[in-house]
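Please read the report below next to the sequence and the 3D view.

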Amino acid sequence: MSSAHRFDRGHTDDLMTFLAASPSPYHAVANTAERLEKAGFRQVAETDAWDASTGGKYVTRGGAIIAWYVPDGATTATPFRIIGAHTDSPNLRVKPLPDTGSHGWRQIAVELYGGTLLNTWLDRDLGLSGRITLRDGSHHLVNVDRPLLRVPQLAVHLDRSVNSEGLKLDKQRHMTPIWGLGDPDEGDLIRFVAEEAGVAAGDVTGWDLMVHSVEAPAYLGRDQELLAGPRMDNLLSVHAGIAALTTACASASLPYIPVLAAFDHEENGSQSDTGAEGPLLGNVLERSVFARGGSFEDKSRAFAGTVCLSSDTGHAVHPNYSERHDPGHHPMPNGGPILKVNVNQRYATDGSGRAVFAAAAERAGVPWQHFVSNNAMPCGTTIGPITAARHGITTVDIGVAILSMHSARELCGADDPHLLASALTAFLEG
């Protein structure tokens, strides 16, 4: 390993563990909750009355989790410092009637979730994960983390033009995974999943299931200075947010109430009860104020002083496609977090927000970079503008620069997860 290599291997090793253990948003929430519990946080139910106690608390709803820490001395108008992220990633998700097939092959019908990079799911060993719902309303996590499914590519002998004219995939016909031989058998998949979960198939009345690559995260490169793995967009930020929150709440004094908000459904627009455009975050923050005896006026004062860092992955400069990037902004792996800017509000960053992030990075001793899109290319977006508009709070878009975004397997610098977590910790600590 290069002598210049300086990343916190313990943090990155732990990220790899978190990625592997979180094949679905529901698993990511469960693993986040477990880590928070170990740090002294306690779960509160949305249906219960909340109290004025200090300390760490969290709420879960489906694939979303909101955690916050009320320090001693916090007033009803104390502002929040929020890390925003999301738990979902583009993938293939099981349809309501999943058992299909043809020509002697048994297959599973899937929908395409989010902006999936289709070709990256071809010829991979795929597992199955998510949750099932029973008649009594209870949920059970499922994780078949072994080779179960595969989306086979057509052999080059049957598609001679693939290397000259490019791969052309029909989303309906070409993305259906195989999982065996024989005729389709209605109910077969759910019987299999129920057996894996240890429940009776007849009790399963609902499911939210998806496929995932079973290949483990790994260091890459001569000096192991890169990290390859699944779902970095955006579990890398969720993991960094957990580390920052649990570290910050151990500080002797906090001028703000630190918050981690990890939403679901960012990859398809955030319009759900667990997405950033839903009411979950606003409800949690307001109830926190009111539970401590605050008024609407106190809530408004707290929100006016609140800042959110919307942390999501961004684009590192691609060495084979550098013309697709802005010529003056080439973020590099291991160069530290990126500050995302778009004057058309696809990112929420403005000058005042930039100053907040710059101050946090300086306190943490963390380098950082700028990202802006090529003017000729459409710009993606995040939960940042949604959070700013819905709650009226200052929001800054940041993240880690990666390659192969929305692939089944993405790539980042091995330093950057720890650098991001360090900057986020400094931000929460104020």
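Gln345 lies in the loop between β16 (338-340) and α8 (351-364). Helices and strands here are DSSP runs, numbered from the N terminus; a helix (H or I) has at least four residues and a strand (E) at least two. The model is predicted, so local features need pLDDT of at least 70 and side-chain atom pairs count only at pLDDT 80 or more, while totals for chains, interfaces and linings use all residues. Residues are numbered from 1 along each chain as its sequence is written, and side-chain values use heavy atoms, with hydrogens and water left out.

**Backbone angles**

Most residues other than glycine have a negative phi, and most peptide bonds are trans. Gln345 is not a glycine, yet its phi is positive, at about 65°. Its relative accessibility is 44%, so Gln345 counts as partly exposed. The terms follow relative accessible area, computed with a 1.4 Å probe on protein chains only: buried is under 20%, exposed is over 50%, and partly exposed is in between.

Ser270 also has a positive phi, near 70°, and is a residue other than glycine. Its place is the loop between β13 (257-263) and α6 (280-291). Ser270 is buried, with a relative accessible area of 2%.

Where is the cis peptide bond that involves Asp233? This bond runs from Asp233 to Asn234, and its omega is near 15°. Asn234 is found in helix α5, which covers residues 232-248.

**A strand pair**

Strands β7 (residues 126-134) and β8 (residues 139-149) run antiparallel and are joined by seven bridges. Two strands pair if DSSP finds at least two bridges between them. In this pair, Ile132 stands opposite His140 in β8. The hairpin of β7 and β8 has four residues between the strands, and Gly137 there takes a positive phi near 90°.

**Cysteines**

How many disulfides does the structure hold? The count is zero, where a disulfide is a pair of cysteine sulfur atoms within 2.5 Å.
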